[in-house]
Amino acid sequence: MAVLLPNGLSPTSHRFFSQRLRMHVVEWGPREAPTVVLVHGVRDHCRTWDDLIARLSMLGEYHFVAPDLRGHGDSDWVQGSGYRYIDYLYDLQQLIEQNDLGPVILAGHSLGGAIASFFAGVFPDWVSNLVLLEGIGLWSRDNADAGIDQQIRDWTDITRKLAGREPRRYPDLQTAYQRMQAANPQLSQAQAFHLTLHGAVQLEDGQFTWKYDQYTYNFHGVGLSEAEIIELWQKISAPTLLINADQGLQNRTGQDNTLRYFRQAELHDVADAGHWIHHDQPEAVTGLIAEFLRQTP
């Protein structure tokens, strides 16, 4: 089922390589238009952006690029190590540099919001505008006050548990869709089916499972301290729009007095929305992004 833009264009799939991983990315619209790169969250995939892209394309001509993060969607899983912020940043750098996309309008949701904000701090010249939807903020691990020895032990414990965790399997796509609906009741039937269609894969025995790697959910040892996160935020030069939900997660970027670490940023809280804010209130999110891009160069 292809999602068509108003001009009749549908997304095309491409591949690029990063640290010997075969990465997947979808692309919409003409390359000569301003490029918007959208980074999804943990256990999600690039097609989570389809509805927002379709809505933004009606407001102006853009070139949209949405990668599957390593370990997610149709990108390769990491073998022999975990998933760290620095590796996600490298993948994003390779996507933009290999395809000569920069400077870009960079948007991210949840984990993708954290990645986008750190990237804008490391490579400020490559980001013209920054949009963060429910981005992970100064998230504090349960063992953040422990010594480094204890932190590493906790990381190894979680990793061992994930190694023994069996991914859920479903007899058919309809059952996987029902699970998606049950876990995310705020989604419409159409949204839940679309996310299931692109987020599930059929196995050799005919059953279905989710495409993401279980190891992506170990946030211990991702490699950045609170001080380092703040330092990267302070280095962002792009105008920044932060959109959070009134029923969103805790410790989001811009909340808890963290807006003060950004040079030029505006924060909007959207009512009647949860963490997947672009699904819960797509019109409000589209309107805020459109107005932000109109007001900033």
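Biologist: In which hand of crossing does H1 pass H9?

Modeller: The crossing is right-handed, as H1 passes H9. This is a predicted model, and everything below is computed from its atoms.

I begin with the geometry of that pair. On the H1 side the contact is formed by Asp51, Leu52, Arg55 and Leu56, and on the H9 side by Pro282, Glu283, Val285, Thr286 and Ile289. Sorted by class, the residues where H1 meets H9 are five nonpolar, one polar and three charged.

Helix H2 runs over residues 85-98 and helix H3 over residues 111-122, and their axes come within 10 Å while crossing at roughly 70 degrees. That angle makes H2 roughly perpendicular to H3. The hand of the crossing between H2 and H3 is right-handed. H2 contributes Tyr85, Tyr88, Leu89, Leu92, Gln93 and Ile96 to the contact, and H3 contributes Leu111, Ala114, Ile115, Phe118, Phe119 and Val122. The classes in this contact of H2 with H3 are eleven nonpolar, one polar and no charged residues.

H3 also packs on helix H7, residues 226-234, at an angle of about 65 degrees and with the axes 7 Å apart. The crossing of H3 and H7 is left-handed. From H3, the residues Ser117, Phe118, Gly121 and Val122 meet Ile229, Leu232 and Trp233 of H7. Phe118 and Val122 of H3 are listed both in the contact with H2 and in the contact with H7.

Between H2 and strand E5 (104-109) there is a loop that holds Pro103. The peptide bond leading from Gly102 into Pro103 is cis, with omega near -5 degrees.

Two other loops hold residues with backbone angles to check. Gln19 sits in the loop between strand E1 (12-18) and strand E2 (21-28). Its phi is near 50 degrees, which is positive although Gln19 is not a glycine. Gln19 counts as partly exposed because its relative accessibility is 41%. Glu134 is in the loop between strand E6 (127-133) and H4. Phi of Glu134 is likewise a positive value, near 50 degrees, in a residue other than glycine. With a relative accessible area of 1%, Glu134 is buried.

Ala163 belongs to helix H4, which spans residues 148-163. Ala163 counts as exposed because its relative accessibility is 51%, and the cut-off for that class is over 50%. Along the chain Ala163 and Tyr215 are 52 residues apart, yet their C-alpha atoms are separated by 7.7 Å. Met180 lies in helix H5, residues 173-183. At 12% relative accessibility, Met180 counts as buried, the limit being under 20%. Setting aside neighbours within four places in sequence, Met180 is in contact with Leu187, Ala192, Leu195, Thr196, Trp210 and Trp276. Leu133 is 47 residues from Met180 in sequence, and the two C-alpha atoms are 21 Å apart.

The C-alpha atoms fill a box of roughly 50 × 45 × 40 Å along the principal axes. The radius of gyration is 19 Å, which agrees with the value near 19 Å for a compact globule of 297 residues. Of those 297 residues, 53% count as buried. Among the contacts with a separation of 6 or more, 71% join residues 24 or more positions apart.

To return to the part you asked about: H1 meets H9 in a right-handed crossing, H2 and H3 also cross in a right-handed sense, and H3 crosses H7 in a left-handed one.

Definitions and conventions. Residues are numbered from 1 along each chain as its sequence is written. This is a predicted model: local features need pLDDT of at least 70, side-chain atom pairs count only at pLDDT 80 or more; totals for chains, interfaces and linings use all residues. Side-chain values use heavy atoms; hydrogens and water are left out. A crossing is left-handed if the near helix is turned anticlockwise from the far one by less than a right angle, and right-handed if clockwise. Helices (H or I, at least four residues) and strands (E, at least two) are DSSP runs, numbered from the N terminus. Contact means heavy atoms within 4.5 Å. Ala, Val, Leu, Ile, Met, Phe, Trp, Tyr, Cys and Pro count as nonpolar, Asp, Glu, Lys and Arg as charged, and the others, Gly among them, as polar. The radius of gyration is taken over C-alpha atoms; the globule rule is 2.2 Å times the number of residues to the power 0.38. Buried means under 20% relative accessible area, exposed over 50%, partly exposed in between (1.4 Å probe, protein chains only). Axes are lines fitted to C-alpha atoms, for helices over the stretch in contact, and angles run from 0 to 180 degrees between N-to-C directions. Angles under 35 degrees count as roughly parallel, over 145 as roughly antiparallel, 65 to 115 as roughly perpendicular and the rest as oblique.
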